[in-house]
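Hello,

Here is the structure we talked about handing over. Please open it first, then read the notes below.

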Amino acid sequence: MDEDAVFKALADPTRRYLLDALFARDGQTLTELESGLEMTRFGIGKHLRLLEDAGLVTTVRDGRKKLHYLNPVPIRLIHDRWIDKFTEQQLSALTDLKKDLES
């Protein structure tokens, strides 16, 4: 897994939107995915290719349709590598402190 490609893919709000859309309903076509965005098919296609290159989206041909599926494994590997090494207690304390300061 190329962690840099995953981080780059996750850095863009449009790509995160596409991942959220696939999380909500997996197996969508480009047409279905573009319905929630004000962007050209070409632009969305470029974002989907970057997500595919990072391993976050896989595609399956179904006749003339190309269906896009979320692959959460790279995100989980990032989580295990970069987040899990901090103890739950420390993260909980920081999260609680952040919530208290923001209230």
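Helices here are DSSP runs of H or I with at least four residues, and strands are runs of E with at least two, numbered from the N terminus. On that count the chain has six helices and two strands. Their order from the N terminus is α-α-α-α-β-β-α-α. The radius of gyration is 16 Å, well over the 13 Å that the globule rule gives for 103 residues, so the chain is more spread out than a compact globule. Please keep in mind that this is a predicted model.

Some overall figures. The C-alpha atoms fill a box of roughly 50 × 30 × 20 Å along the principal axes. Of the 103 residues, 30% count as buried. Take the contacts between residues at least 6 apart in sequence: 51% of them join residues at least 24 apart.

Next, the core. The largest nonpolar core has 18 residues, and Leu18, Leu48, Leu51 and Leu56 touch the most other members. Helix 1 (3-10), helix 2 (13-24), helix 3 and helix 4 each give two or more residues to this core. Helix 2 has the largest share, with four. Leaving out residues up to four places away in sequence, Leu51 touches Ala9, Arg15, Leu18, Leu19, Leu56 and Val57.

Last, the largest pocket. Its space is about 220 Å³. The lining has 13 residues, with Thr29, Leu30, Arg41, Lys66 and His68 nearest the centre. Helix 3 (30-34), helix 4 (41-53) and strand 2 (65-70) each supply at least two lining residues. Helix 4 gives the most, five. By class, the lining has seven charged, four polar and two nonpolar residues.

Best wishes

Definitions and conventions
Residues are numbered from 1 along each chain as its sequence is written. This is a predicted model: local features need pLDDT of at least 70, side-chain atom pairs count only at pLDDT 80 or more; totals for chains, interfaces and linings use all residues. Side-chain values use heavy atoms; hydrogens and water are left out. On a 1 Å grid over the protein atoms alone, a cavity is a set of points where a 1.4 Å probe fits but cannot get out, and a pocket is an open set with protein on both sides within 12 Å along at least five of seven lines; lining residues have an atom within 4 Å of a point. Grid points are joined across faces, edges and corners, and a volume is the space filled by probe spheres set on the points. Ala, Val, Leu, Ile, Met, Phe, Trp, Tyr, Cys and Pro count as nonpolar, Asp, Glu, Lys and Arg as charged, and the others, Gly among them, as polar. A nonpolar core is a set of buried Ala, Val, Leu, Ile, Met, Phe, Trp, Tyr and Cys residues joined through side-chain atoms within 4.5 Å. Buried means under 20% relative accessible area, exposed over 50%, partly exposed in between (1.4 Å probe, protein chains only). Contact means heavy atoms within 4.5 Å. The radius of gyration is taken over C-alpha atoms; the globule rule is 2.2 Å times the number of residues to the power 0.38.
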